[in-house]
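Please read the following walk through a structure with the viewer open. The text goes from one chain as a whole to single residues.

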There are 2 protein chains.
Amino acid sequence: MDDRDARILKAIATLGTGSPEDISEYTGIPKSTVHYRIKNLKEDGILINDLLDVDAQKLGLEITLVTQVVAEYNEAYHVEVGEKLAAIEGVNQVYFTMGENDFVVISNLTDRDMVSRLVTDFEKIDEVVRTSSQFVIETIKDEPNLLNDFELETVTEFTPKVE
Amino acid sequence: MDDRDARILKAIATLGTGSPEDISEYTGIPKSTVHYRIKNLKEDGILINDLLDVDAQKLGLEITLVTQVVAEYNEAYHVEVGEKLAAIEGVNQVYFTMGENDFVVISNLTDRDMVSRLVTDFEKIDEVVRTSSQFVIETIKDEPNLLNDFELETVTEFTPKVE
DNA sequence: ATTGAAACTTGATCGTT
DNA sequence: AACGATCAAGTTTCAAT
């Protein structure tokens with residue numbers, strides 16, 4: 001796992017494709033080399049499946065943090081605040097929730113230093129009033145496997161009976 | 001969006017591949033038809049990129065819920081409780097967190113009925129003591145874009161100078 | 001909208017450096 | 001490990017239904 005691998009992984013995330021051709025063009029690395037690297041990344045378990053999902057733990061991002069961020073309510077700027085949160089290094093998901101003008105933020109981090117930096121960054125945002133974080137001990141499910149129990153709604157149509 | 005599309009989407013999620021060949025084999029739908037369907041799903045914005053990420057909202061899963069679940073502490077069974085949570089219809093992510101023996105659960109749901117069913121299901125689990133849910137008004141970031149700000153640690157090596 | 005078969009693109013392999 | 005040339009494989013297209 002070196003700089004070249006990182007560039008390839010970034011290309012995959014940025015381009016939204018796993019095509020060696022496209023990645024090659026984007027990174028300037030020859031496609032046969034891209035292919036060779038991706039093969040290794042799969043063998044190492046960093047890239048998980050054909051859809052090239054990334055294993056955060058294998059990348060050394062072992063700390064997952066769930067943070068509740070309370071911010072001053074400001075109708076116009078709540079998205080902007082959300083975007084500031086989203087831009088912070090390590091942040092993966094940002095939800096703006098009902099009720100208490102809260103954000104729920106989920107982050108993947110490498111070490112304790114990154115954790116404290118993260119919280120500091122949260123509190124640097126002017127509108128942020130309070131943060132409260134919980135470490136994740138174990139991730140039991142972390143796939144947006146939206147279709148696990150997805151069933152099409154059965155729409156029963158009634159034909160009006162005209163007698 | 002009909003039953004066939006649903007089967008194809010499930011196949012993608014299950015197999016972890018977008019290959020028309022593999023999906024065809026798994027579903028029994030001819031590969032040219034699989035290709036035709038996937039093309040339409042992309043045009044409709046349900047499948048987002050070449051990595052075939054799914055847009056939950058386009059699927060009608062417009063309600064995202066963040067739930068904190070407090071459960072009785074039981075060293076042996078906390079994973080089992082987590083797995084029960086993960087198995088509930090609509091649940092996408094389950095984190096077991098530090099401190100209060102909490103789970104944080106994130107779900108994608110279609111309607112209010114599904115919400116109340118979900119909460120009922122949570123409380124049917126014996127060990128569950130209390131749940132508290134927050135509706136997500138807006139999802140500002142929801143991609144495990146782990147590499148956004150990922151930089152390789154620069155390990156500076158010092159060669160001991162022998163004089 | 002579906003599908004079998006043809007056409008073609010490109011991902012994967014191989015041999016050399 | 002890197003990479004250009006080559007080939008096999010699988011995707012995409014197309015025409016008929």
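Predicted model: local features only at pLDDT ≥ 70, side-chain atom pairs only at ≥ 80, totals over all residues.

Residues are numbered from 1 along each chain as its sequence is written, chains are lettered from A and ligands numbered from 1 in the order in which they are written, and side-chain values use heavy atoms, with hydrogens and water left out.

Chain A holds 5 helices and 4 strands; helices (H or I, at least four residues) and strands (E, at least two) are DSSP runs, numbered from the N terminus. Read from the N terminus, the order of elements in chain A is α-α-α-β-α-β-β-α-β. Of the 163 residues in chain A, 44% are buried, where buried means under 20% relative accessible area, exposed over 50%, and partly exposed in between (1.4 Å probe, protein chains only). Contact means heavy atoms within 4.5 Å. Taking contacts in chain A between residues at least 6 apart in sequence, 56% join residues at least 24 apart. Chain A has an accessible surface of about 9,300 Å², and carbon and sulfur atoms account for 45% of that; the areas come from the Shrake-Rupley method with a 1.4 Å probe, and for residues only the protein chains shown count as cover.

On the surface, a patch of negative charge brings together A:Asp53, A:Asp142, A:Glu143, B:Asp53, B:Asp142 and B:Glu143. Like charges are joined within 9 Å, with Asp and Glu counted as negative and the charge placed at CG of Asp or CD of Glu. One of the members, A:Asp142, belongs to strand S4 (residues 128-142) of chain A and is partly exposed, at 41% relative accessible area.

A:Leu52 sits in the loop between helix H3 (31-43) and strand S1 (63-71) of chain A. Its phi is positive, near 60 degrees, though A:Leu52 is not a glycine, and the residue is buried at 7% relative accessibility. In chain B, B:Leu52 lies in the loop between helix H3 (31-43) and strand S1 (63-71), with a positive phi of about 60 degrees and a relative accessible area of 7%.

Strand S3 (residues 102-109) of chain B contains B:Ser107. Because its relative accessible area is 0%, B:Ser107 counts as buried. Apart from neighbours within four places in sequence, B:Ser107 contacts B:Ile63, B:Thr64, B:Leu65, B:Gly90, B:Val91, B:Asn92 and B:Leu118.

How values were computed
Patch = residues over 30% accessible without salt bridge, like charges linked within 9 Å, V, L, I, M, F, W, Y side chains within 5 Å. Salt bridge = Lys/Arg side-chain N within 4 Å of Asp/Glu carboxyl O.
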